[in-house]
Each structure stands twice: as C-alpha cells, then as structure tokens.
Amino acid sequence: MTPHATALIAKFESRRATVGVVGLGYVGLPLVRAMHEAGFAVVGFDIDPAKIDMLRRGEAYLKHLGDGLVKSLAASPRFRATCEPADLATCDAVCLCVPTPLGKHQEPDLSYVEKSARMVAGVVKGRREPLLVSLESTTYPGTTREVVLPILREAVPGDGLFVAFSPEREDPGRAGVETKSIPRLVGGVDEASTRVAAAMYGAAVEHVHTVASAEVAEAAKLLENIYRAVNIALVNELKPVLRSMGIDIWQVIDAAATKPFGFQKFTPGPGLGGHCIPIDPFYLTWRAREFGHTTRFIELAGQINHAMPLYVVEKVAEGLNGFGKSMNGADVLVLGVAYKPDIDDVRETPAAEILELLLERGCRVSYHDPHVPRLAGMRKHTIDLSSEALTPQRLGNADAVVVVTDHKAIDWAAVGAHAKLVIDSRNAMARVAGVKAVVVKA
C-alpha cells in the first residue's frame, strides 16, 4: 500500500472525506443518500439546473424516494447541490452515475461517461491530494480501464489516482430496499484502487464484495441484466405458443413456481422498460463482436422482448374485431405508462411504443397513470399526452382499455365493472372478482 492509498482509506474509514456524485438521477441520488447517511460530506453535481434548484429547495423530483430525503439534504451543512464542476475540486472521491444509452445502431454511447471523466480531469488537474474515481454506469468490460483511466491519468499522474468500477444495483420503487442494504461489487484497475474503493463503499453500505478487476465487476453487472432479459424473453416467447393451445401462461408460471428449487419465476409483459434490461445486454453483444464472438442468446432475447409492444397492439385489433370494430377511429385508453408498477419512471417504457403503434393505426389514444401526469420529451418517441381521470364514464366510453402497467393505485374493480373490452398484458384482471368486461390476455 502506498502512502496515498493509506491516507485515503483512513479518510473514508473516519468519514472525514468529501464524496462527489456526478449525475443526480435514479442512481446518483440514492447514492447521495447512502453517502450522506454514512456521515460523509457530499457534493451532488448535475448538468440540469432544474434538479439542482429543486434539491436546494427540498423538493422531490424522484417521487419514489420521498420528500424526506430531499428536505434533509437541503437542510444539511454536509450536502451541496451544484451545476458548477469547480465544486468537485475539494472531493476525495467522485462517483460517476451518468447515462449509458445505445446509439442508433444499438452501439454503446459512452459520451456521458467520457464527458464526465474529462470534466473531473479538468477540475483536479495538477492536484497533489489522492483521488478516487468510481464509475457506476453500466457498460462493457474494459470501459473503466480503457476509456476512463487514460482521461484521468493525464490530469493526475503518479500514484495518487485510484480508479474503480462499482455497478449500480438500484431497483426504483422496491419497498424496504435502499442503496446501503444492497451488496456492492467493487473492482479496481489495480489492487490499490480496489482496496481504496472498497473502503469508501464499506463506510456507506452493509456489504462490499471485491472482485479481481474492474472488468470482472463490469461483466458481472451485464450478466445480472442479461439473465433477466433472457428469462423474460423465454416466457414472452411461450405466451403466444401456449395461448394458441388454449393454455394460460400465467397459470403455467404459477404452477412451475411451486417447485422449491431449480426454477425462478419470471413473468411476461408488454415489453421491457427501464435502463437496465432493454439496453445493457447490448453493451456485451457489441463488445463480443470486437473479439470475434456472436452472442446469439442475448440477441434473440432482444428480438423477442422488443416484439412485445406490437404483440399487444395486435391483441387490441383482435379484441376490437370481436366487437365488430376496426382500429381506425377506435377510442383506446392505456392504463399505466411507467415501465414498472408503482413508480413514475418512464425510461424506455414499452407504453410509448404501444401508444405510437396505436396512433399509426388510426386509434384515438389517451392514458391514465396516477404516477405520471404527463408523458412527453422522450428520447426516441414523439408522444405528448397528459393523464386523464379514470371515471366510470371514461371507462365505459372506451372501445378498448389496454393494461400496460398494473399500478396498485388504479381502481381495477372499476375497470372490470365499467370497461367493455380489456387487453391485459399484466394479468391484472385475474386478481379482480366479478369482472364484466371481455378480457383478452396479451
């Protein structure tokens, strides 16, 4: 261990360090909470001035985290929200929690990672105090060492720079689970970086698992999401197959789940949403091609899962046909536009594609979501709609009601009582007694 590493570890263990978090979204803000609760001084940086203003006022922009978090941060002398890169200069560690989207051709877009690394490099150039930079954004194996490290090394030569990868494992809206209680993977570009990063995270989370390298941590994060993507694709593929046999996929899954070993329950749906499953697996498919490999399982799973919004729309057409109606001019109400239940997160939501497909077919579309008052400004879609009130009259007037997200706050009994036709992609109506609507499972 070098003197720099020893000194930085001591700072983390004594909570005398200042931790910077770059990117205050679904990953960064929960990390701010964990570091702040651990006793660190925290600098939260984001390029969006609206977020910074809300944090300074103690107003929540991520509703699932609650008002208490932002109010406590706004009142704390140990937290500073900023849009100014120079405010990161005093930090002993900087965690990069920035987006890693896909480009037009499903290729990795590391522009946010590169820009944030260059920003940090510019701020700390020539410093003598040791610095830890930890990348948390999901990416392909090799990014930390091949992309982030060289940018930082130009600014901080010598043995005072420590660089690691520690993947985020956030699950927005999961009750009783916080960043500090989720086991944390840490892999550095060298042994010293691993130990320094483990000291920082170990001061804020309950369990840290170190791995041999940054590449192992990067690949582990991808495997976690690929595992989910492939298994969801499996049940999505079986859904129409079993349906043609007159078998309910949901009943089959529940039956299989009674086995106490060798089976884990995954359920079908209208398509994938969120940042992780629709995007992250393709970081590995792209990287694999550089090494002469084809990841057939991953690519097939992607094809199946990406076909689900169209499958749902086809079921809408089938259901309307049963009432002697065409899609052109049909009044279609979509229930739920968040990508998963009980949150306001619409990143990569399949609802956007379903709405656009319905519009392309001439439907008059609207939606109701108690958590998402407006759906607009999405990266790949041109939807601009506001949530409508869910009343018996609105349900009764709709030619078809499409269940995309089964929020608990939606009155499902009213849906079953007043809707004429329900296209159910979440098996929501199976939990409602006395349903009068015609239900088509999608």
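Me: Which helices each supply at least two residues of the lining of the largest cavity?

Reply: Good place to start, and please keep in mind that this is a predicted model. Here is the general idea: rolling a probe the size of a water molecule over the atoms shows where empty space is left. In this structure, helix 8 (214-244), helix 10, helix 11 (281-290) and helix 12 each give at least two residues to the lining of the largest cavity. Helix 12 provides the largest share, with five residues.

Me: What volume does the largest cavity have, and which residues lie nearest its centre?

Reply: Its volume is about 70 Å³. Of the 13 residues that line the largest cavity, Ala229, Ile277, Pro281, Phe282 and Gly302 lie nearest its centre. Sorting the lining by class gives 10 nonpolar residues, three polar ones and no charged ones.

Me: How many cavities of 30 Å³ or more does the search find?

Reply: Searching the whole structure turns up two. The second largest cavity has a volume of about 40 Å³. Among the residues lining it are Pro167, Glu168, Arg169 and Thr179. By class, that lining holds three nonpolar residues, one polar residue and four charged residues.

Me: Helix 12 has come up several times. Which of its residues are buried?

Reply: To read this, recall that buried means under 20% relative accessible area and exposed means over 50%. In helix 12, the buried residues are Ile298, Ala301, Gly302, Ile304 and Asn305. These residues sit on the same side of helix 12, because they cover an arc of only 165 degrees around the axis. The face turned away from that buried side carries Arg296 and Gln303, which are exposed.

Me: What do the buried residues of helix 12 pack against?

Reply: Their packing partners are helix 8, helix 11 and helix 13 (308-322).

Me: Now for aromatic rings. How many aromatic pairs are there?

Reply: The count comes to three aromatic pairs. One of them joins Phe12 and Phe40 in an edge-to-face arrangement, with 6.2 Å from centre to centre and 85 degrees between the planes. Phe12 belongs to helix 1 (residues 3-13), while Phe40 is in the loop between helix 2 (28-37) and strand 2 (41-45), so the pair links distant parts of the chain, 28 residues apart. Phe12 counts as buried at 0% relative accessibility, and Phe40 also counts as buried at 0%.

Me: How are the rings of Tyr140 and Trp286 arranged?

Reply: That pair is tilted, because the planes stand at 40 degrees, with the ring centres 5.1 Å apart. Tyr140 lies in the loop between strand 5 and helix 6 (143-155), and Trp286 lies in helix 11, so the pair ties together parts that are 146 residues apart in sequence. Tyr140 counts as buried at 7% relative accessibility, whereas Trp286 counts as partly exposed at 26%.

Me: Can we finish with single residues? Is Ser134 buried or exposed, and which residues is it in contact with?

Reply: The way to read a single residue is to find its element, then its accessibility, then its contacts. Ser134 lies in strand 5 (residues 131-135). Ser134 is buried, with a relative accessible area of 0%. Leaving aside neighbours within four places in sequence, Ser134 is in contact with Val94, Cys95, Leu96, Ala164, Ser166 and Tyr201.

Me: Where does Ser213 lie, and which residues does it touch?

Reply: Ser213 is in the loop between strand 8 (208-210) and helix 8. With a relative accessible area of 14%, Ser213 is buried. Not counting residues up to four places away in sequence, Ser213 touches Arg145, Gly187 and Gly188.

Note on methods:
Residues are numbered from 1 along each chain as its sequence is written. This is a predicted model: local features need pLDDT of at least 70, side-chain atom pairs count only at pLDDT 80 or more; totals for chains, interfaces and linings use all residues. Side-chain values use heavy atoms; hydrogens and water are left out. On a 1 Å grid over the protein atoms alone, a cavity is a set of points where a 1.4 Å probe fits but cannot get out, and a pocket is an open set with protein on both sides within 12 Å along at least five of seven lines; lining residues have an atom within 4 Å of a point. Grid points are joined across faces, edges and corners, and a volume is the space filled by probe spheres set on the points. Helices (H or I, at least four residues) and strands (E, at least two) are DSSP runs, numbered from the N terminus. Ala, Val, Leu, Ile, Met, Phe, Trp, Tyr, Cys and Pro count as nonpolar, Asp, Glu, Lys and Arg as charged, and the others, Gly among them, as polar. Buried means under 20% relative accessible area, exposed over 50%, partly exposed in between (1.4 Å probe, protein chains only). The arc is that of the directions from the helix axis to the C-beta atoms. Contact means heavy atoms within 4.5 Å. Rings of Phe, Tyr and Trp (its six-membered ring) pair if their centres lie within 6.5 Å; planes under 30 degrees apart count as stacked, over 60 as edge-to-face and the rest as tilted.
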